[in-house]
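The following exercises are to be worked with the sequence and the structure in view. Each task is followed by a solution in steps.

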Amino acid sequence: MLMIVDDTKCFLCLSQNMYLEFSCMKNSVWLMVGAFACATLGLTDGIAAERKPNVLLLMSDDLNTALSGFGHPQCKTPMLDRLVSDGVRFENMHCQYPVCGASRASLMTGLYPYTNGMLGNSGDLRENMPDVVTLSQLFRQNGYRVGRVSKIYHMGIPPEIIAGTAEHDDPQSWDEVVNIKAPEHHAMGKKHNWSPNETGSQSFTSVEAVGGDLEHADGMAAEAAIEFLKRNQETPFFLACGFVRPHVPLVAPATYFERYDRESMVAPVVPEGDLDDVPEIIRHYKSNNSYGITPAAHKGLLEAYYASVSYMDAQVGRVLDAIQELGLKENTIVVFTSDHGYLLGHHDKYQKQHLFEEATRVPFIFSVPWIKNRHGQATQHLTELVDLYPTVAELAGLTPPAGLQGESLVPLLRDPASQDWGKDLAFTISRSGGESIRTHQWRYTQWGYGQSGQELYDLTNDPGEFNNLANNPDHAAQCERLKKQLEGKRREAGYDPNRYTLNKGDGGRFHKLGR
């Protein structure tokens, strides 16, 4: 490290691509990542009065359960597999809204989207709930040094990575932030759009990029996270580090593409006419008609998605290595998850905002160093991302705000097979008035708040959710029972018909009405 001082500024060189710039103005500091990113930080005196556990929250973006540690046969994630062996794997974890902004706001507030008002990628959390205490804010209030690296709340990807901004961030959640600025699909390398009917920013464009890991967004994020850990290793900390892969564009150094044989990629099996029994309001949304992905292109798309996952995985490994090398492992809670699942041709559909299993289910790994006897185990119990907040608060001995809607996962961390776990369903909503409950045997989904069709799947006999039983007279009683269960759950989750409505004239999006 090298300190350079002039009349107004001090520069602490951390690596070839990162330095801290300290302004002579009191209580401010700027972080620069590469030649690009700059974010203002506020300094606080977070001195712990006693030994408190650190918290490291690692979040991926648009990642389904395509991890080798979750049994995926093709995607290779050795670093996350290592974390699986050091923690508990949650096999039945579901998001509350399968789109970035809503899911992330729900996770960070411990509240369902109907309660915090964040439905979709737009909106302002503080406008909806000025006094909400977010997960990381709770730690700020209790003497922790709290940092954010890259995407935790919603960010437009790729535009905000290219610009180095975070327009939907919540400043009250952090002491310091790092916004990453990287070239994304403008990176040098072999580029291809696997979805020729979609040419915008959400196309399945891949880049087999030249150069190394640190020249792209997630490598820069890992570097910034490691520097945070080094600076704050003597202080209790809460660090949330977001990785933007495998969100499109599918950019990764070429070496990660070389791990996969394109011709060996196996696409999801989709029965002929699979969508014929899906309600019209959602039937064609993000179907392959919008993308034009051929069977050959599908293989290239999967190769690129898995290469992006492997690149992200390697950056997770770098951060975990730093925790070990700095002697922090025995006192640091580590959580890894994604904001929602992702369809890669499942049901002939792509991406997010669907209410099939592949869209609602997320990878979730929770490592508590002092509960080692359960490391390497998995739980099949139904859980939700909204459960994260009360869990971390309990483990840190903090009193969370009243009204959290999740349940602490600590009983499952102590015994993944615990019979005392009471949650019997996961609740997820989406666009077009979509609402879904997932029990151990059934998925029941209704659209248009129950006015525009319904779906019922027997997960025991039809785990792929191919045969909609909602219009089968033999299942009418089951359908009605689950409908009542869903409508009871949505009331608990904050649904108010006077607050939310569905405007059919603009594609079936939710609209918030005034309170």
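A polar contact is a pair of N or O atoms within 3.5 Å; within protein, one must be able to donate a hydrogen and the other to accept it, and residues adjacent in sequence count only if both atoms are side-chain atoms. The model is predicted: local features need pLDDT of at least 70, side-chain atom pairs count only at pLDDT 80 or more, and totals for chains, interfaces and linings use all residues. Residues are numbered from 1 along each chain as its sequence is written, and side-chain values use heavy atoms, with hydrogens and water left out.

**Exercise 1.** Determine where E465 lies and whether E465 is buried or exposed.

*Solution.* Step 1: locate the residue. E465 lies in the loop between β24 (454–458) and α14 (476–492). Helices (H or I, at least four residues) and strands (E, at least two) are DSSP runs, numbered from the N terminus.

Step 1: consider accessibility. Buried means under 20% relative accessible area, exposed over 50%, and partly exposed in between (1.4 Å probe, protein chains only). E465 has a relative accessible area of 1% and is therefore buried.

**Exercise 2.** Describe the setting of R245.

*Solution.* Step 1: R245 is found in the loop between β13 and β14. Step 2: R245 counts as buried because its relative accessibility is 1%. Step 3: a polar atom of the R245 side chain lies 3.0 Å from the backbone oxygen of H247. Step 4: contact means heavy atoms within 4.5 Å. Leaving aside neighbours within four places in sequence, R245 is in contact with residues including E184, D218 and Y311.

**Exercise 3.** How many residues has the largest nonpolar core, and which element supplies its largest share?

*Solution.* Step 1: a nonpolar core is a set of buried Ala, Val, Leu, Ile, Met, Phe, Trp, Tyr and Cys residues joined through side-chain atoms within 4.5 Å. Step 2: the largest such core has 66 residues, and Y305 is among those with the most contacts inside it. Step 3: the largest share of this core, 16 residues, comes from α10.
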